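This report goes through one protein model, taking its strands, its nonpolar cores and its metal site in turn. Please keep the sequence and the model open while reading.

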Amino acid sequence: MESIDIGKYRGIVVLTGAGVSAASGIRTFRGKDGLWNDATIARLSDIGTFRTEPLEVWKFWSAARAISAAAGPNAAHRALAALEKRLRPDQRLTLITQNVDGLHRRAGSANVIEYHGSVHRSRCSNGRCGLESFADSAVYETEVPACPLCGSPLRPDIVFFGEMIPPDLERAARAALDACDLFIAAGTSGTVHPANGFVRHARDAGARTVLVNLEELEDGSPQFMEIHRGKAEELLPLLLGASGQEGRPPTSPRRP
Ligand SMILES: [Zn+2]
């Protein structure tokens with residue numbers, strides 16, 4: 001596989017989904033052999049369930065928090081972090097992730113839009129409360145935590161099913177796509193939201209569009225100019241021209 005000549009692009013947007021974290025073991029608690037089945041996960045990821053059974057929701061997301069904290073970034077995360085570090089000053093990488101596991105930041109990526117929030121933060125469930133979202137590694141299994149300011153239940157700072165993407169994140173994603181000349185979606189189906197809308201937006205902006213995903217597309221995805229089937233942790237380091245391995249000597253900065 002030929003790597004992408006990154007030096008040709010200025011506005012690089014990468015969207016990552018669950019497939020990027022699969023090699024970190026993030027999905028091992030799912031599926032038929034997992035601790036929860038997909039229907040249960042969907043139920044515990046719904047804002048309606050949080051309103052009626054907040055402790056059940058917290059038990060699940062506390063476990064997800066612990067699993068994410070115990071996992072480590074893999075070669076896909078590292079390749080994206082390394083890419084950001086070797087860009088010229090006139091180039092910009094915006095990493096938009098649907099993953100809530102925080103692994104891109106832990107790998108060293110700085111310009112990350114956590115589109116669906118982060119399992120490592122909590123916030124107040126009362127929208128009118130002034131409490132800021134805060135880093136939280138606590139596990140809540142016996143009691144729903146209460147906001148120190150207003151007493152309302154605290155909640156994981158993730159976007160539940162049935163909720164809107166926070167407007168500031170949506171704006172930041174749209175702005176990056178407006179200025180995009182290279183769009184890569186990795187570890188996510190190209191045909192479902194938000195990837196399908198993002199790739200169309202990127203195409204409208206004149207970008208080269210690339211999909212990296214393990215699963216075959218049923219009906220193809222005409223908005224993607226290139227589709228690479230395979231594991232993100234294997235293909236991204238190749239495509240981005242980085243080994244993604246720890247301990248690799250730093251690459252010298254590219255000259256225009
Ligand atoms: Zn509050």
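## The antiparallel sheet

Ser 118 has Asp 157 of β6 as its bridge partner. Strand β4 (residues 117-124) and β6 run antiparallel and are joined by five bridges. Two strands count as paired if DSSP finds at least two bridges between them; helices (H or I, at least four residues) and strands (E, at least two) are DSSP runs, numbered from the N terminus. The open sheet here has three strands in the order β5-β4-β6, with antiparallel pairing. Its edge strands, each pairing on one side only, are β5 (134-135) and β6 (154-158).

The model is predicted: local features need pLDDT of at least 70 and side-chain atom pairs count only at pLDDT 80 or more, while totals for chains, interfaces and linings use all residues. Residues are numbered from 1 along each chain as its sequence is written, and side-chain values use heavy atoms, with hydrogens and water left out.

## Zinc site

Which protein atoms are the donors of the zinc ion? They are the SG atoms of Cys 124, Cys 129, Cys 147 and Cys 150, lying 2.2 to 2.3 Å from the ion. Donors are N, O and S atoms within 2.8 Å of the metal (3.2 Å for Na, K and Ca); water is not among the atoms, so sites may look incomplete. Along the chain the donors follow the spacing C-x4-C-x17-C-x2-C.

The site is tetrahedral, with angles of 99 to 114° among its four donor atoms; for four donors this term requires all angles to lie between 85 and 135 degrees. Cys 124 is buried, with a relative accessible area of 4%, and Cys 129 is buried at 15%. Buried means under 20% relative accessible area, exposed over 50%, and partly exposed in between (1.4 Å probe, protein chains only).

## Parallel strands and Glu 114

β1 and β2 run parallel and are joined by six bridges; Val 14 stands opposite Leu 95 in β2. β2 also pairs with β3 in the parallel sense, over three bridges, and Ile 96 has Ile 113 of β3 as its bridge partner. Five of the six residues of β2 are buried.

Glu 114 is found in strand β3 (residues 112-114). Is Glu 114 buried or exposed? Glu 114 is buried because its relative accessible area is 7%. Its side chain makes a polar contact (a pair of N or O atoms within 3.5 Å; within protein, one must be able to donate a hydrogen and the other to accept it, and residues adjacent in sequence count only if both atoms are side-chain atoms) with the side chain of Arg 121, at 3.0 Å.

A nonpolar core is a set of buried Ala, Val, Leu, Ile, Met, Phe, Trp, Tyr and Cys residues joined through side-chain atoms within 4.5 Å. The largest has 24 residues, of which Ile 184 and Leu 236 touch the most other members. Apart from this core lies another, of 21 residues, including Leu 15 and Cys 180. Leaving aside residues up to four places away in sequence, Leu 236 touches Ala 76, Ala 79, Leu 80, Ile 184, Ala 186 and Val 212, contact meaning heavy atoms within 4.5 Å.

Buried residues of α5 include Ala 76, His 77 and Leu 80. The buried residues of this helix pack against β1, α1 (18-21), β2, α6 (103-107) and α9. Asn 74 caps the N-terminal end of α5, with a side-chain oxygen 2.7 Å from the backbone nitrogen of Ala 76.

Terms used. Tetrahedral: all angles 85-135°; square planar, octahedral: opposite > 155°, others 65-115°.
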